[in-house]
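Q: I have a structure to go through with you. Can we start with the sheet and then look at some side chains?

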Amino acid sequence: MARIRDIVVDCAHPAAVARFWAAALDGYAIAPYDEAELARLRALGIDGPEDDPTVLVEPAGGGPRLWFQKVPEPKRAKNRVHMDLLPAENGGFQAELTRLLGLGARVVEVHEGLTVLADIEGNEFCLLHE
């Protein structure tokens, strides 16, 4: 049986979108850049992590990784795949909504049982109402 290794998100600014999602998700962080990776980027003519065309966000305790890859075209329509997020048990829906909005998300629609949000580049995701 296949397992999900990575979820890949096309975007214009991978480093910025990766920072949003690393902050939005519990236990996820941008993969560190070691000297070998920095040398690889320099060999490609890329100054550093901020201009990296593919940025990896890794989970601390297992689960799918998130790759953010630069693409030339802008997002044009609704995502065909999106993530559903559960709010933290200790804060609840309203606290999580406020936190995500503070990170740069925006509300797209409110439905019974969930709120559709968009990240800083317009990629939709849902925050479940618990």
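A: One definition before the sheet: two strands pair if DSSP finds at least two bridges between them. The model is a predicted one.

Q: OK, what is the strand order in the open sheet, and what kind of pairing does it have?
A: The order is S5-S8-S7-S6, four strands in an open sheet, and the pairing is mixed. Strand S5 (84-85) and strand S6 (106-111) are the edge strands, each pairing on one side only.

Q: What holds strands of a sheet together in general?
A: They pair through backbone hydrogen bonds, either parallel or antiparallel.

Q: And S5 with S8, parallel or antiparallel, and how many bridges?
A: S5 and strand S8 (residues 124-128) run parallel and are joined by two bridges. Leucine 85 has leucine 127 in S8 as its bridge partner.

Q: Which helix packs on that sheet?
A: Helix H3 (residues 92-103) does, touching S5, S6, strand S7 (114-118) and S8. The direction of H3 makes about 155 degrees with that of S8.

Q: Switching to threonine 115. Which strand is it in?
A: Threonine 115 lies in strand S7.

Q: Buried or exposed?
A: Threonine 115 is buried: its relative accessibility is 2%, and the cut-off for buried is under 20%.

Q: What does the side chain of threonine 115 make a polar contact with?
A: With the side chain of histidine 129, at 2.7 Å.

Q: Which residues is threonine 115 in contact with, leaving aside neighbours within four places in sequence?
A: Phe93, Val107, Glu109, Val110, Phe125, Cys126, Leu127 and His129.

Q: New topic: aromatics. How many aromatic pairs are there?
A: The count is three aromatic pairs. In the pair of phenylalanine 20 and tryptophan 21, the ring centres are 5.3 Å apart.

Q: Why does that pair count as edge-to-face?
A: Because the planes of phenylalanine 20 and tryptophan 21 are at 85 degrees, and planes over 60 degrees apart count as edge-to-face.

Q: Which residues form the aromatic cluster?
A: Phe20, Trp21 and Phe125 form one cluster. Phe125 is also one of the contacts of threonine 115.

Q: How accessible are phenylalanine 20 and tryptophan 21?
A: Phenylalanine 20 has a relative accessible area of 3% and is buried. Tryptophan 21 is likewise buried, with a value of 3%.

Q: Last one: how many residues of helix H1 are buried?
A: Eight of the 11 residues in H1 (residues 14-24) are buried, so the helix is mostly covered. Those buried in H1 are Pro14, Ala15, Val17, Ala18, Phe20, Trp21, Ala22 and Ala24.

Terms used:
Residues are numbered from 1 along each chain as its sequence is written. This is a predicted model: local features need pLDDT of at least 70, side-chain atom pairs count only at pLDDT 80 or more; totals for chains, interfaces and linings use all residues. Side-chain values use heavy atoms; hydrogens and water are left out. Contact means heavy atoms within 4.5 Å. Axes are lines fitted to C-alpha atoms, for helices over the stretch in contact, and angles run from 0 to 180 degrees between N-to-C directions. Rings of Phe, Tyr and Trp (its six-membered ring) pair if their centres lie within 6.5 Å; planes under 30 degrees apart count as stacked, over 60 as edge-to-face and the rest as tilted. Buried means under 20% relative accessible area, exposed over 50%, partly exposed in between (1.4 Å probe, protein chains only). A polar contact is a pair of N or O atoms within 3.5 Å; within protein, one must be able to donate a hydrogen and the other to accept it, and residues adjacent in sequence count only if both atoms are side-chain atoms.
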